[in-house]
Amino acid sequence: MTTVEKIKEIETEMARTQKNKATSYHLGQLKAKLAKLKRELLTPSSSGGGGAGVGFDVARTGVASVGFIGFPSVGKSTLMSKLTGTHSEAAAYEFTTLTTVPGVMQYRGAKIQVLDLPGIIQGAKDGKGRGRQVIAVARSCSLIFIVLDVSKPLTDKKLIENELEGFGIRCNKEPPNILFKKKDKGGLNITNTVPLTHLDYDEIRAVTSEYRISSADISFRCDATVDDLIDVLEGNRVYMPVVYVLNKIDAISVEELDLIYRIPNAVPISSNHEWNFDELLEKMWDALNLVRIYTKPHGKLPDYSAPVVLKRDACTVEDFCDAIHKQIKAQFRHAYVWGSSVRHNPQRGESFPR
Ligand SMILES: Nc1nc2c(ncn2[C@@H]2O[C@H](COP(=O)(O)OP(=O)(O)OP(=O)(O)O)[C@@H](O)[C@H]2O)c(=O)[nH]1
Ligand SMILES: [K+]
Ligand SMILES: [Mg+2]
């Protein structure tokens, strides 16, 4: 039996098992087995799985990257060409784009790489079409635009999310707050700081036993599900910011537009007409979580024309120096930093430990 067939079998078994006290151990075990099989699909050693490959891996530039994921002909390439000025073939037939097409966008002083990708189909994560290579590229981006055609059923949104989930990508989700520490002996020590309403002891035991963990401290600091626990044990999940780009609003009525505006993290646009690009770019900027740093020569005004742009989780004075030139740190003495994160304006940033 192939891995995909084994996955199918477990999913069928799960669908016919009702969740109750008596079955929770069994269901926990099935979920853990499923997660392990899915990991097999993602590891390069298994047939056809793993990383991107020819035509899919492209040179990375810019401080951040945005990957476009969606079903065929939703307008990904049209959007890419309009945003970056780089031509990516767009046409009325499906699978016009067959490889990764990179482009660069300049926004608020930041150089952002945009990756137009081939359309995916349902079952992509299991190896249908080029889906796996496509999603592997998306996994390495800083942000994903899930592009949807608003004249198609909105259930497409869930289908795409499922494909990404199956590839270990978690959309707009924080990592579950579960502390896990494996030990050599002492058995399982399970504690929780909040009531666990989705998870019982049997399920936890089923999962840990499936992963051959007999001794560990597990501390739940959130109302976790069994999937959250498995995510922590698997450890290779990517917690990805996602913006839902609802394209082709020129093809629907104002009443329909009112409805789709309620979807969280979504921006309705028309790629063809360049409608609402401002809102899209603002959402993109917020989701990328970047900071702009302006240099100020001693006794002069800051140069507001060309910021150094860094990621918010890596924007210390040291990161700043490294972004300019690797050698700067050697001569560096101190910097004065103004802004919202400092204790007082300006704050003196000392030299780095060497
Ligand atoms: N009405 C309307 N049509 C659009 C819009 N954006 C794109 N299209 C049309 O949708 C069709 C597909 O556009 P593409 O940009 O090739 O779509 P894609 O998602 O890149 O397609 P694949 O590469 O095949 O997956 C083309 O005929 C476009 O002209 C839009 O805003 N409104
Ligand atoms: K197309
Ligand atoms: Mg395309």
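**Exercise 1: the ligand shell**

In this predicted model, helix α3 (residues 76-84) gives the most to the shell around ligand 1, with 3 residues. Helices are DSSP runs of H or I with at least four residues, strands are E runs of at least two, and both are numbered from the N terminus. Residues are numbered from 1 along each chain as written, and chains are lettered from A and ligands numbered from 1 in written order. As the model is predicted, local features need pLDDT of at least 70, side-chain atom pairs count only at pLDDT 80 or more, and totals for chains, interfaces and linings use all residues.

Task: Describe the shell around ligand 1.

Step 1. Count it: 24 residues surround ligand 1 (C-beta, placed from the backbone, within 6 Å).
Step 2. Find the closest: Gly 75, Ser 77, Ala 90, Thr 97 and Gly 119.
Step 3. Sort the shell: 8 residues are nonpolar, 12 polar and 4 charged.

**Exercise 2: the fold**

Task: Summarise the protein chain's secondary structure and dimensions.

Step 1. The chain has 11 helices and 15 strands.
Step 2. Its C-alpha trace spans about 75 × 55 × 45 Å along the principal axes.

**Exercise 3: confidence**

Task: What is the mean pLDDT of the protein chain, and where is pLDDT below 50?

Step 1. The mean pLDDT (the predictor's confidence in each residue, from 0 to 100) is 91. Of the residues, 95% reach 70 or more.
Step 2. Residues 45-50 fall below 50.
Step 3. Where pLDDT is low, predicted coordinates should not be read in detail.
Step 4. For the complex, the predictor gives an ipTM of 0.99 and a pTM of 0.89.

Conventions. Nonpolar A, V, L, I, M, F, W, Y, C, P; charged D, E, K, R; others polar. Contact = placed C-beta atoms within 7 Å.
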